[in-house]
Amino acid sequence: MASFDRAIPPGGEGRITLTVRTKGYHGVHGWSAKVITNDPRTHEALLSIKAFVQVPIYMKPYYVRLYGREDVTATRSIEIEARLDKPLTLKPGQCNLEGKVTYAIEEIDKGRRFKVSFTSIRGIAGSYRGFLNLETNYEEKPIVTIRINGQFLKAKTSQP
């Protein structure tokens with residue numbers, strides 16, 4: 001999003017304000033914007049910013065993808081890490097994939113690192129999309145949403 005002074009007199013100054021939305025980013029990132037002018041000497045200028053985006057809770061990966069055949073279970077895990085100086089607590093919230101996946105939350109490093117494992121339930125063919133919300137004690141990030149995708153093929157039956 002940008003706002004700027006539309007008219008600047010020759011030799012004058014103007015302001016350009018750029019807003020960067022950092023949701024979904026963490027770590028070092030850069031953004032840039034091209035400014036086009038009617039100045040005969042400088043038709044374009046490039047504004048750039050480089051920043052380190054700090055997040056209260058780091059999650060890797062951001063989503064879980066389970067796939068395979070319906071007669072085999074698939075398991076995938078994600079790690080959640082506290083990035084603030086206070087201990088993190090996670091509590092299961094809403095999950096819209098009951099009956100399709102199970103999950104377990106394991107505390108790896110007390111109040112700092114967690115492992116959330118998802119396992120498909122055998123015998124369910126087809127595709128599904130859903131989520132698990134985890135409630136936290138961080139007011140900066142009260143809910144962590146884990147996206148879950150699954151795709152399971154029908155098991156092949158052998159014929160005599």
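Okay, housekeeping first. The model is predicted, so to speak of local features we need pLDDT of at least 70, side-chain atom pairs count only at pLDDT 80 or more, and totals for chains, interfaces and linings use all residues. Residues are numbered from 1 along each chain as its sequence is written, and side-chain values use heavy atoms, with hydrogens and water left out.

Now, the empty space. Rolling a probe the size of a water molecule over the atoms shows where empty space is left. Here that's done on a 1 Å grid over the protein atoms alone: a pocket is an open set of points with protein on both sides within 12 Å along at least five of seven lines, a cavity is a set where a 1.4 Å probe fits but cannot get out, and lining residues have an atom within 4 Å of a point. Points are joined across faces, edges and corners, and a volume is the space filled by probe spheres set on them.

So, the largest pocket holds about 690 Å³. Its lining has 26 residues, with Asp 5, Ile 8, Val 35, Ile 36 and Thr 37 nearest the centre. Strands, by the way, are DSSP runs of E, at least two residues, numbered from the N terminus. S1 (2–4), S2 (16–18), S3 (27–36) and S4 (44–53) each give at least two lining residues, and S3 has the largest share, with four. By class, that lining is 14 nonpolar, five polar and seven charged; nonpolar means Ala, Val, Leu, Ile, Met, Phe, Trp, Tyr, Cys and Pro, charged means Asp, Glu, Lys and Arg, and the others, Gly among them, are polar.

Next, the second largest pocket, at about 490 Å³. Eighteen residues line this one, and Lys 23, Gly 24, Ile 57, Tyr 62 and Lys 141 sit closest to its centre. Strands S5 (57–60) and S12 (143–153) each supply at least two of the lining residues.

The largest cavity has a volume of about 40 Å³, and its lining includes Arg 69, Glu 70, Lys 100, Arg 122 and Phe 152. Five of its lining residues are nonpolar, one is polar and four are charged.

Last, the hairpin. S9 (residues 101–109) and S10 (residues 113–120) pair antiparallel over eight bridges; pairing takes at least two DSSP bridges. Glu 106 stands opposite Lys 115 in S10. Three residues lie between the two strands, and Gly 111 has a positive phi near 75°.
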